[in-house]
Amino acid sequence: MHKTLLISINAFCASILWAQAPSPPSPQTKLSVHWDELTAADFKDAIARAQGTCLLPFGILEKHGAHLPLGNDLLNVRYAALNAAQQEYAIVFPEYYFGQIFEAKHQPGTVAYSRRLQLDLLQETTDEMARNGCKKIIIVNGHGGNNSLLPFFAQTQLDTPHDYVVYVLGITRGGPGEPKHKSNPATDMHAGESETSMSMIARPDLVHLDRAPQESGADQARLKLPDGLYTGIWWYARFPNHYAGEGAVASRELGEFEAKTWINGITQAIRAVKADQESLRLQNEFYERSKHPLDTPQ
Ligand SMILES: [Zn+2]
């Protein structure tokens, strides 16, 4: 009797567990926006649906104050890019974190590839994307340290003919209507209020807000040079902790605004790129003329 009861209780518990166990994902019926989740045959359909438009979310591995993860920029930019691609279909390339970050080499966990490798890998990546039908590639930047690298890369596409166009989209979060900031916007640059708020939306499980005050994100202003005179050590001179701003005052309210504006900015860019028929035409005209500059009318 007792044993029978136990068995039936066990069976009852097992049925509850069975009911609660997550079921494995069933095969997708709609096209994924993730390049790496598509089958080869679905990839062909995806290229057609995207009209050859693909996103390359571009992040980095670097310290983000005392409170955010090393992959913060890539996690955030992928969150925004994947959401945008679902609104306006585009194929999103897998995790890419091979950008410019020499200025954080003194901090744990930073991965800083050489200058040559950064450019070669990016060129081969966009070449391979284009060979697979991505004739319009939007590099969606998520890391301020790439702000010089990416326009330079795009400019060098004029060096030799390419049958595709590279577009670079800066970090489009924020703007008019933004909730009032609690910290100084002038130094809210890295792991500060805005970025931490965005992370609270993209990956709240990785934000250690209580640790944010452990270090100072204040501008130490250790280098005095006239405006317009640039040197590479400028960032370290100002923010040697690789932290700029006040992450501790971040909020979900600001984060929701940052996420919404960023996703919207990327969605608008995808639409504009799909509609753009001029860039490739002008590139081809330019490449042709470059072969014989003396024939260009003067
Ligand atoms: Zn960042």
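1. Residues 24 or more positions apart make up 79% of the contacts in the chain with a separation of 6 or more; two residues are in contact here if their C-beta atoms, placed from the backbone, lie within 7 Å. Keep in mind that this is a predicted model, where local features need pLDDT of at least 70, side-chain atom pairs count only at pLDDT 80 or more, and totals for chains, interfaces and linings use all residues. Residues are numbered from 1 along each chain as its sequence is written.

2. On to the overall layout. The chain has nine helices and four strands, taken as DSSP runs numbered from the N terminus (helices are H or I, at least four residues; strands are E, at least two). Along the sequence the pattern reads α-α-β-α-β-α-β-α-β-α-α-α-α. The C-alpha atoms fill a box of roughly 105 × 55 × 40 Å along the principal axes. Of the 298 residues, 35% count as buried, where buried means 20 or more other C-beta atoms within 10 Å of the residue's own, exposed means 12 or fewer, partly exposed is in between, and C-beta atoms are placed from the backbone.

3. Now the sheet. The four strands form an open sheet in the order β2-β1-β3-β4, with parallel pairing; strands pair if DSSP finds at least two bridges between them. β2 and β4 stand at the edges with a single partner strand each, so one side of each has no neighbour in the sheet.

4. The β1/β3 pair is joined by six bridges and runs parallel.

5. Cysteine 54 has isoleucine 91 as its bridge partner in β2. The chain gets from β1 to β2 through α3, and this β-α-β crossover is right-handed, meaning that, with the strands pointing away from the viewer, the path from the first strand over the helix to the second runs clockwise.

6. On the β4 side, β3 and β4 pair in the parallel sense over five bridges. Valine 140 stands opposite leucine 169 in β4.

7. How buried are the central strands? In β3, six of the six residues are buried, so this strand is largely enclosed by the rest of the structure. In a regular strand the side chains alternate between the two faces of the sheet. For β3, Lys136, Ile138 and Val140 point one way and Ile137, Ile139 and Asn141 the other, all of them buried. β1 is mostly covered too, with six of its six residues buried: Thr53, Leu55 and Pro57 lie on one side and Cys54, Leu56 and Phe58 on the other.

8. The largest nonpolar core has 60 residues, and those with the most contacts inside it are Cys54, Leu55, Ile137, Ile138, Ile139, Val140 and Ile266. (Such a core is a set of buried Ala, Val, Leu, Ile, Met, Phe, Trp, Tyr and Cys residues joined through C-beta atoms within 7 Å.) At least two core residues each come from β1 (53-58), α3 (72-87), β2 (91-92), β3 (136-141), α5 (149-155), β4 (165-169), α6 (193-202) and α8 (252-275). α8 gives the most, with nine residues.

9. Leaving out residues up to four places away in sequence, Cysteine 54 touches Ala90, Ile91, Phe93, Met129, Cys134 and Ile137.

10. Finally, two backbone spots to check. Most residues other than glycine have a negative phi, and most peptide bonds are trans. Alanine 191, in the loop between β4 and α6, has a positive phi near 65°. Alanine 221, in the loop between α6 and α7 (234-238), also has a positive phi, of about 40°.
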